[in-house]
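The sequence and structure are shown first.

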Amino acid sequence: MQQRQKEKAGRPGTAAPPTRAADVLLVRFLSGRELKPGDPSSSATWWCAGTQVRRDRTAADLAADPGPFEKESGGALRTVVAGARRWSCWPRAARTAVRLAVPAVAVSAWCGWWPAVLAVAGVLALVGIVAVVTGPAALGWWRPRPASADLVHGPGMWAALRPVLGVEERELRGRWLHLPEDVTVPGARVVLRLPAGWPGGEAGMRAVDALVTSRLPGEWSARWRRTVAAPFVEWVRDAAPETPRVLPEWVEWIPTGDPLKIHFGETPNGPAYVHTGTATPHIGVSGETGSGKSSILYIPLVAARMAGWLVTVIDPKQNSLVEAHGKSGVRIHTETYECCMAVAEFFVSMMAAEKYNSRRFRGYSGPDAPVGRVLVIDELPSFREFVAAWWKYIIKQRGFPPVLIWIQLILMQGRSSNHRVVLGTHQFSLDVFGSTMARDQVGTKLVVGEVSAPSWAVAYGAGAPLVDYDETIQGRGVISLKGRRRKKTLADGRVERAEEIQYAYITPQVAGLLDACPSAPYWWEDGAPAPWITAQDIARADSAAAVAEFLPGGRYAGGREDLTPDTDTDVLLTRGSMPRSKPVSDVSGTGAASGGGAGTAVTADLAELADQVAAEGVEEQRYTIAQACAVGIIRKAPGAARQFKSAWIKAGKPFPEGEMVRGNSCYTRAELESVFGAQEESSNAA
């Protein structure tokens, strides 16, 4: 095999043919090349100046390299001298002219033709001075031809590769190795032809790859082609990694007017819009205490209200989303029983809206069409624990509270009825959501602040690549790609699932934005359930999920008969028994559709009130706000009366302390008239 390779290498055309040294020297002299055989020392061509390539430089020269064309200082003469010193960089035409001019001038001088000598010398001097002054060392009107990769890297690379490939020394480099002009361009190709009999192997392939890529700048990918007639290997320059965009430390929120398209902040790919019209429309915000979850929860809340949707907030911490307190279209519930009542009403509203929409698709166009609604639960884990403690230790019930089941059902069924859920949590663990199916309905997972490795794994998956971001910047975090843009597979095979984001800071604008939103419907302000809920809807929801006793007027509603948030908590919760599948009704006087259970409760309350009046004097009789509204002492619906009471207290006016009767705040007629009668007198005076 080696003999055949030697014979082949000796064939005509496979190596440089033997020539006489005198012929080679003459050709090099006339063509302007270096007289010493070997690789050229610059990239100069016939008409173009080149860049000098020195391979015999010492370590001291390399340490003090000023650059090949650094401008010289010290006058025109030094500039001319500096250009003349770089003889190898001159265009070959200039070098040929100088070489021929020297013997011509000598002959002319010997013959006495001094005018010709002076003329030739003057022309050459003028051309040289103009070339140097206008060149890169002075004015920079023209630039030398850059050195090609073959000139810079080729000789050393071939000297290292030739012994590994077993190629004869007299073989020409150009027949085996091809380098592009510029190896810094992405996609540049280096091709190395392989001898047909080269054994190679894993070790040989690694050696060849190391010899090539270690001499080239950047990252290169090798592609071996050894199954073709002429085997070869090529290296392709990888594209330079994109420089990540530096995110600002503050981002202004961009309203869209569309509750299904919400702007959340800025990512390296531009503004981050979350589309909630997908199959998994709900949003989850994860972060440690104090990381800014509540500030992010303002974003979907405000976006929903600006589009005319209604928002129910579950806030067991009693200190979240304070900028939205008392705003039209936003109910913020803080007491545990009150939160359960709100979730129950939201669940029945979802089922009723789904039925209404299915009938509308068949041509039905009845009154009280459903509107979009959003359920915001800040600190879902805390809410779960509050509900569990209330269920087991306060009202002494056994088993599992149905409230948590309703939340799971809302997550799985709320999309088609435009009932969305926004959750705040410490992490997206399975224990928080109760089931994998319910957790998967949270299509957009937001993380703000510092996140631990376990929290990252439960949010985006154990194999999801971590996103490196500066968690010390307030409002910095990551956002999932689901529903926003297509995921891509990284070089290591893992799938990109999240990207860095600077969340928009909306908190200072919340109050003004909510004040500018359309007013909520009258039934919402009165604390009534959604008007599209019918008695049949309540019965159907109760038979499926035991929801009736948690609605206003029900056994577990804490004596509440409406959904108006009670910010001063004048009604404390009462004890009860296991929930039954029994319809209840709204007794707020708003005319909302209802069942018959609550009406019976009102009748029982009035009968009990009559017995109490008979036993005590009328002046000593005490009433709850709901009872006072029912008997006409307060000429308002219970929901409106509670709102008036809250506004009265917030205004700094003293409200009667009343007396606690079986867990309910009760007041005398005189105490109630001192507040609500004063309001009527002021209205009449106006």
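The largest nonpolar core has 58 residues, and Phe-347, Phe-383, Trp-406 and Phe-550 have the most contacts inside it. Helix H10 (residues 336-360) supplies the largest share of this core, 13 residues. Apart from it lies another core, of 36 residues, which includes Ile-296, Leu-321, Ile-479 and Val-510. A nonpolar core is here a set of buried Ala, Val, Leu, Ile, Met, Phe, Trp, Tyr and Cys residues joined through side-chain atoms within 4.5 Å; buried means under 20% relative accessible area, exposed over 50%, and partly exposed in between, with a 1.4 Å probe and protein chains only. Helices (H or I) are DSSP runs of at least four residues, numbered from the N terminus.

This is a predicted model, in which local features need pLDDT of at least 70 and side-chain atom pairs count only at pLDDT 80 or more, whereas totals for chains, interfaces and linings use all residues. Residues are numbered from 1 along each chain as its sequence is written, and side-chain values use heavy atoms, with hydrogens and water left out.

Beyond its neighbours within four places in sequence, Trp-406 is in contact (heavy atoms within 4.5 Å) with Cys-340, Val-343, Ala-344, Phe-347, Ala-545, Ala-546, Val-547 and Phe-550. Ring pairs also join Trp-406 to a cluster with Phe-347, Trp-390, Trp-391, Phe-550 and Tyr-556.

The structure holds 16 aromatic pairs. Rings of Phe, Tyr and Trp (its six-membered ring) pair if their centres lie within 6.5 Å; planes under 30 degrees apart count as stacked, over 60 as edge-to-face and the rest as tilted. Two of the pairs are set out below.

| Pair | Centre distance | Plane angle | Class |
|---|---|---|---|
| Trp-390 and Trp-391 | 6.2 Å | 55 degrees | tilted |
| Trp-523 and Trp-524 | 5.9 Å | 75 degrees | edge-to-face |

Trp-390 is buried at 4% relative accessible area, and Trp-391 is buried at 2%. Trp-523 is buried at 6%, as is Trp-524 at 3%.

Arg-384 belongs to helix H11 (residues 380-394). Arg-384 is buried yet has no salt bridge, and the nearest side chain of opposite charge, Glu-385, is 5.4 Å away. A salt bridge requires a side-chain nitrogen of Lys or Arg within 4 Å of a carboxyl oxygen of Asp or Glu. The side chain of Arg-384 does reach the backbone oxygen of Val-432, at 3.3 Å. Neighbours within four places in sequence aside, Arg-384 is in contact with Phe-400, Leu-404, Asp-431 and Val-432.

Notes:
Helix = DSSP H or I, 4+ residues; strand = E, 2+ residues; numbered from the N terminus. Lys, Arg positive; Asp, Glu negative; His and termini not counted. Polar contact = N/O pair within 3.5 Å; in protein donor to acceptor, adjacent residues only side chain to side chain.
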